[in-house]
Amino acid sequence: MSSLSRRGFLASAAVASAALAGGRAEAATVPLLLHDPELMAGRRFAARAHYLGGQVVALEGDRVRQMQALLATSPVAIFAVTRRSDELLIGEIAAEAGYRRMALVRHEKERMTANCGSDGAAVARLAHLSGAAWPEAFAELALDKAGHCAVAPDSKMVSALSWVMIRR
């Protein structure tokens, strides 16, 4: 974690969770959680989400068919930890189904960059505050359980893209 206090982190997590919860109140479905099982960040995201009671889908095989089947359930949002190629392909499929990107966070070595719309600013802030614990914090955010404060299994940031799409 950064030099910010735990209390500051929890406050930011609560803000991010509240920002996303507004869109969820309108739908009876849960968000779709996706991960690339070949990425360390993807496995950490999936493990934390599973621990918190969430259902996480591993990306495998034909991504187009897999996503078409998953989007048929009309999830309220998509939270994913993937490679750039999957973010592009799945993002395009989701956009055709009526979703728009709210946030995209790129993690590389010791550097993190966020590209978020105005409604995703809280996601970017939470990503920066959580540092190496981002995969776990992202899972908590996706499941509206921000603030459970999982400890990252190591202190190094792992390479991946994490992103959120919501229905328009």
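**Notebook: histidine, serine and a helix pair**

I looked up histidine 128 and found that it sits in helix H5. I kept in mind that this is a predicted model.

Next I checked the exposure of histidine 128. Its relative accessibility is 40%, so I logged histidine 128 as partly exposed. I then asked which residues histidine 128 touches, leaving aside neighbours within four places in sequence. I found Met112 and Ala114. I also took a C-alpha distance, from histidine 128 to valine 105. The two atoms are separated by 9.5 Å, and the residues lie 23 apart along the chain.

I moved on to serine 130. Serine 130 is in helix H5, which I noted as residues 121-130. Is serine 130 buried or exposed? Its relative accessible area is 0%, so I wrote down buried. I looked at its side chain too. A polar atom there lies 3.2 Å from the backbone oxygen of alanine 127.

I took H2 as residues 40-51 and H6 as residues 134-142. Their axes come within 8 Å and cross at roughly 40 degrees. The crossing of H2 and H6 is right-handed.

I listed the residues that meet. From H2 I have Ala41, Arg44, Phe45, Arg48 and Ala49. Facing them in H6 are Pro135, Glu136, Phe138, Ala139 and Glu140. I sorted the residues of this contact by type: 6 are nonpolar, 4 are charged and none is polar.

Notes:
Residues numbered from 1 in each chain as written. Predicted model: local features only at pLDDT ≥ 70, side-chain atom pairs only at ≥ 80, totals over all residues. Heavy atoms only, no water. Axes fitted to C-alpha atoms, helices over the stretch in contact; angles between N-to-C directions. Helix = DSSP H or I, 4+ residues; strand = E, 2+ residues; numbered from the N terminus. Left-handed = near helix turned anticlockwise from the far one by under 90°. Contact = heavy atoms within 4.5 Å. Nonpolar A, V, L, I, M, F, W, Y, C, P; charged D, E, K, R; others polar. Buried < 20%, exposed > 50% of the residue type's maximum accessible area, 1.4 Å probe, protein only. Polar contact = N/O pair within 3.5 Å; in protein donor to acceptor, adjacent residues only side chain to side chain.
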